[in-house]
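Open the model in your viewer and keep the selection tool ready. This tour tells you what to select next and what is there.

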Amino acid sequence: MSHHQIKSPKKHPFWLKATLILIGLSLLFVVVSYGKFILMPIAFSAFFAMLLNPLVEIFEKWKLGRAGSILLTLLVVLVVLAGVFSLISAQFIQFSERVPEVTEKLKTTTNTAITFLEESVGISQEEQSQYVQQGINNLIDQSGNYVSSIVSATTNMFTVMTLMPIFIFFMLYYREMYRTFFRKLVDVKKGAGSNIDGLLDRIQGVTQDYLVGMLTVIGILAVLNTTGLFIVGLEHAVFFGVFAALLAIIPYIGIIIGALPPLLYALLLTDSFLTPVFVIAVFGTVQFLEGNFITPRIVGSKVSINPFVAMVALIIGGELWGISGMILFVPLIGILKVIFDQIEELKPYGYLLGNTVEYHEDK
């Protein structure tokens, strides 16, 4: 057994372990589902706290004190976010000025589609109007649910944004307390204290490397997207490029979703048929580079889970916590793998989550 592995208790029958695992997973699903109002901001805050901890330690070396160092760190983050938000907002305001043009273009496209259906399929305009009216009535019937969902999502977002700086502050301020708690949780007399320290260091290291790597990838994608759209000649290239890059934080599908707005814009508001084709080519090229070169080289195996597990994590995360779950669950599964790899009885599950070749190479 390696130096950092935690000794496991005596073995139990397989049926008992399987039953306990199923019960545990069921309870975890219920807790995560119903407790997202507090668990989601705590999870985001924990990730950001681990990401910002090195910067706080640098400021502490300047004799600013812990509270002062944390506040200065949060101020730096606020300034950076404000700069990014201002850049996107300026581009968005310019884009919004063309919304009436987009609406008019949609009307023209709709009329063309109606005429096409009448001529080719034989559906009269009256029947099409009937179908549209039915759709509108159904939409109105469901509008109450949509409005309440939007209001709820907006309220939750503001709640999370308000709570996160407070949570991050206290997580950074009491970081030694949490380490001491885990040391006390394990019987230090049996020599597991140093193992816990090693496990916590690995979790923090993996999370920091993953988050820094993802931020680097997002920055590179923003430059590539914007440059490609500028070359194509699409207006508001900075807005579309940065927007698509930010969505890359959602693994696998984020870039595809981010490519849809510039593609629709090119289809509706450009006269050239080639422009939408060039937009697809730009994002297709960036997607290829991101999947095969950028992310593997920068993020690498920091969160060493296989693509199938990542897709399952995306689906479950999206179902439980929406977009926030799709962002959070992949690194959370990566942290679980780190924990499983350090506990003898859980190592098979860590192997199942990870990449076989990387797993054997690490041994």
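Select His-236. His-236 counts as buried, at 12% relative accessibility; buried means under 20% relative accessible area, exposed over 50%, and partly exposed in between, with a 1.4 Å probe and protein chains only. His-236 sits in the loop between α7 and α8. Helices here are DSSP runs of H or I, at least four residues, numbered from the N terminus. Check the backbone too: His-236 is not a glycine, yet has a positive phi of about 55°.

This is a predicted model: local features need pLDDT of at least 70, side-chain atom pairs count only at pLDDT 80 or more, and totals for chains, interfaces and linings use all residues. Residues are numbered from 1 along each chain as its sequence is written, and side-chain values use heavy atoms, with hydrogens and water left out.

Next, select Lys-63. Lys-63 also has a positive phi, about 65°, without being a glycine. Find this residue in the loop between α2 (36-61) and α3. Is Lys-63 buried or exposed? Lys-63 counts as exposed, at 74% relative accessibility.

Now show helix α3 (residues 66-96) and helix α8 (residues 237-246). Their axes come within 8 Å and cross at roughly 125°. Axes are lines fitted to C-alpha atoms, for helices over the stretch in contact, and angles run from 0 to 180 degrees between N-to-C directions. That angle makes α3 oblique to α8: under 35 degrees counts as roughly parallel, over 145 as roughly antiparallel, 65 to 115 as roughly perpendicular, and the rest as oblique.

Which residues of α3 make the contact? They are Leu-87, Ile-88, Gln-91, Phe-92 and Phe-95. On α8, select Ala-237, Val-238, Phe-239, Phe-240, Val-242 and Leu-246. Contact means heavy atoms within 4.5 Å.

Move on to helix α7 (residues 193-232), and pick Gly-213 in this helix. Gly-213 is buried, with a relative accessible area of 4%. Leaving aside neighbours within four places in sequence, Gly-213 is in contact with Ile-298 and Val-299.

Last stop: the largest nonpolar core, with 71 residues. Such a core is a set of buried Ala, Val, Leu, Ile, Met, Phe, Trp, Tyr and Cys residues joined through side-chain atoms within 4.5 Å. Select Leu-221, Trp-321 and Leu-328, which have the most contacts inside this core. Helix α7 supplies the largest share, 12 residues.

Terms used:
Helix = DSSP H or I, 4+ residues; strand = E, 2+ residues; numbered from the N terminus.
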